[in-house]
Amino acid sequence: MLVSATEMLKKAKAGHYAVGQFNINNLEWTKSILLQAQEMNSPVILGVSEGAGKYMTGYKTVAAMVKAMDEELGITVPVALHLDHGSYEGAKACIEAGFTSIMFDGSHYDIEENKAKTEELVKLAHSKGVSIEAEVGSIGGEEDGVVGAGECADPDECKTIADLGVDMLAAGIGNIHGQYPANWAGLSFETLDAIQQKTGEMPLVLHGGSGIPEEMVKKAITLGVSKVNVNTECQLSFADATRKYIEAGKDLQGKGFDPRKLLAPGAEAIRETVKEKIELFGSANQA
Ligand SMILES: [Zn+2]
């Protein structure tokens with residue numbers, strides 16, 4: 001059931017669990033995530049970066065595929081189709097294309113410009129029943145070629161943006177995208193706690209959820225994180241399972257080269273990663 005992320009995140013915040021955002025890249029990714037969420041009776045958010053949107057030939061293609069797949073698989077759990085780290089133009093295009101949720105990442109603008117652009121997009125998104133995530137303090141690491149350093153957001157700036165009526169807020173707390181380096185300092189719970197105190201009921205978003213130690217993720221959820229983004233981990237699981245299949249020469253046995261067989265171990269591996277994350281985030285049976 002395609003819905004905005006507003007209600008599922010309010011419920012998650014009140015229930016002290018988090019909803020997973022799993023980024024999609026193609027049909028296999030989407031199908032694996034939807035089937036796993038349904039099996040566990042969990043709400044789920046499908047994340048689409050601008051790069052992945054372009055790869056899938058455009059936002060209209062993505063929206064049409066997700067809408068049809070949700071219907072034809074008979075998915076009854078709440079599913080939000082969400083733009084991840086959207087630009088101002090990208091956010092508008094996704095609202096137009098039929099996404100049910102968007103993120104406007106204005107963290108690279110100064111706070112006044114971030115505020116002005118976020119405010120405008122909040123009005124536009126809400127007029128169409130679409131939920132919106134904003135960001136304060138850039139998340140470190142690399143995402144679609146943009147490299148950030150992993151800073152900690154200013155809690156007062158978080159409150160300024162939260163007060164604009166956004167439905168969820170991403171704030172840097174030392175988290176980074178991609179794989180975490182061995183010398184990573186860990187999450188700043190002090191910053192997270194200060195942000196939560198200032199923003200109250202606002203569901204907070206933890207980006208870069210791949211590779212953060214489980215105990216840190218659990219603690220972050222107790223401190224107000226209601227959405228955790230997972231991208232890299234599904235990519236690594238898919239690549240690992242696919243490599244094993246090919247290294248074992250299975251593509252050369254019988255009709256093992258059939259794409260439906262060749263991609264099956266990777267698709268199954270994505271389901272396993274999604275299952276582990278839903279268990280960790282506590283969203284099973286919360287649909
Ligand atoms: Zn992110």
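Reader: Why are α2 and α4 called oblique to each other?

Author: The axes of α2 and α4 cross at roughly 40 degrees and come within 11 Å. Angles under 35 degrees count as roughly parallel, over 145 as roughly antiparallel, 65 to 115 as roughly perpendicular and the rest as oblique, and α2 and α4 are therefore oblique. The axes are lines fitted to C-alpha atoms, for helices over the stretch in contact, with angles from 0 to 180 degrees between N-to-C directions. The model is predicted: local features require pLDDT of at least 70 and side-chain atom pairs pLDDT 80 or more, whereas totals for chains, interfaces and linings use all residues. Residues are numbered from 1 along each chain as its sequence is written, and side-chain values rest on heavy atoms, with hydrogens and water left out.

Reader: Which residues make the contact between α2 and α4?

Author: From α2 the contributors are Leu27, Thr30, Lys31 and Leu34, and from α4 they are Met65, Val66, Met69 and Asp70. Contact here means heavy atoms within 4.5 Å. Helices (H or I, at least four residues) and strands (E, at least two) are DSSP runs, numbered from the N terminus. The crossing of α2 and α4 is right-handed, a term used if the near helix is turned clockwise from the far one by less than a right angle, anticlockwise being left-handed.

Reader: What makes α2 and α12 oblique to each other?

Author: Helix α2 (residues 27-39) packs on α12 at an angle of about 40 degrees, with the axes 9 Å apart. On that basis α2 and α12 are therefore classed as oblique. This crossing is right-handed. The residues of α2 in the contact include Trp29, Ile33, Leu35 and Gln36, and those of α12 include Ile270, Arg271, Val274 and Ile278.

Reader: At what angle does α10 pack with α12?

Author: Helix α10 (residues 232-247) and α12 pack at about 145 degrees, and their axes are 8 Å apart. The crossing of α10 and α12 is right-handed. Among the residues in contact are Cys234, Ser237, Phe238 and Tyr245 of α10, together with Gly266, Ala269, Thr273 and Lys277 of α12.

Reader: How do you know whether Thr273 is buried or exposed?

Author: Buried means under 20% relative accessible area, exposed over 50%, and partly exposed in between (1.4 Å probe, protein chains only). Thr273 has a relative accessible area of 6% and is therefore buried. Thr273 belongs to helix α12. Apart from neighbours within four places in sequence, Thr273 is in contact with Glu233, Cys234 and Ser237. Its side chain also makes a polar contact of 2.5 Å with the side chain of Ser237. A polar contact is a pair of N or O atoms within 3.5 Å; within protein, one must be able to donate a hydrogen and the other to accept it, and residues adjacent in sequence count only if both atoms are side-chain atoms.

Reader: What places Ser107 among the buried residues?

Author: Ser107 has 17% relative accessibility and therefore counts as buried. Ser107 sits in the loop between β4 (101-104) and α6 (111-127). Its side chain is joined by polar contacts to those of Asp105, at 2.6 Å, and Glu135, at 3.2 Å. Beyond four places in sequence, Ser107 is in contact with Asn114, Glu135, Gly137 and Ser138.

Reader: Which residues coordinate the zinc ion?

Author: The zinc ion is coordinated by His85 (NE2), His177 (NE2) and His207 (ND1), at 1.9 to 2.1 Å. Donors are N, O and S atoms within 2.8 Å of the metal (3.2 Å for Na, K and Ca), and since water is not among the atoms, sites may look incomplete. His85 lies in strand β3 (residues 79-86) and His177 in the loop between β8 (168-171) and α8 (189-199), so the pair ties together parts that are 92 residues apart in sequence. The spacing of the donors along the chain is H-x91-H-x29-H.

Reader: What is the value behind calling His85 buried?

Author: His85 has 15% relative accessibility, so this residue counts as buried. His177 is buried as well.

Reader: Is Asn285 buried or exposed?

Author: Asn285 has a relative accessible area of 60%, and is therefore exposed. Asn285 is located in the segment after α12 (264-281). Its phi is near 60 degrees, a positive value in a residue other than glycine.
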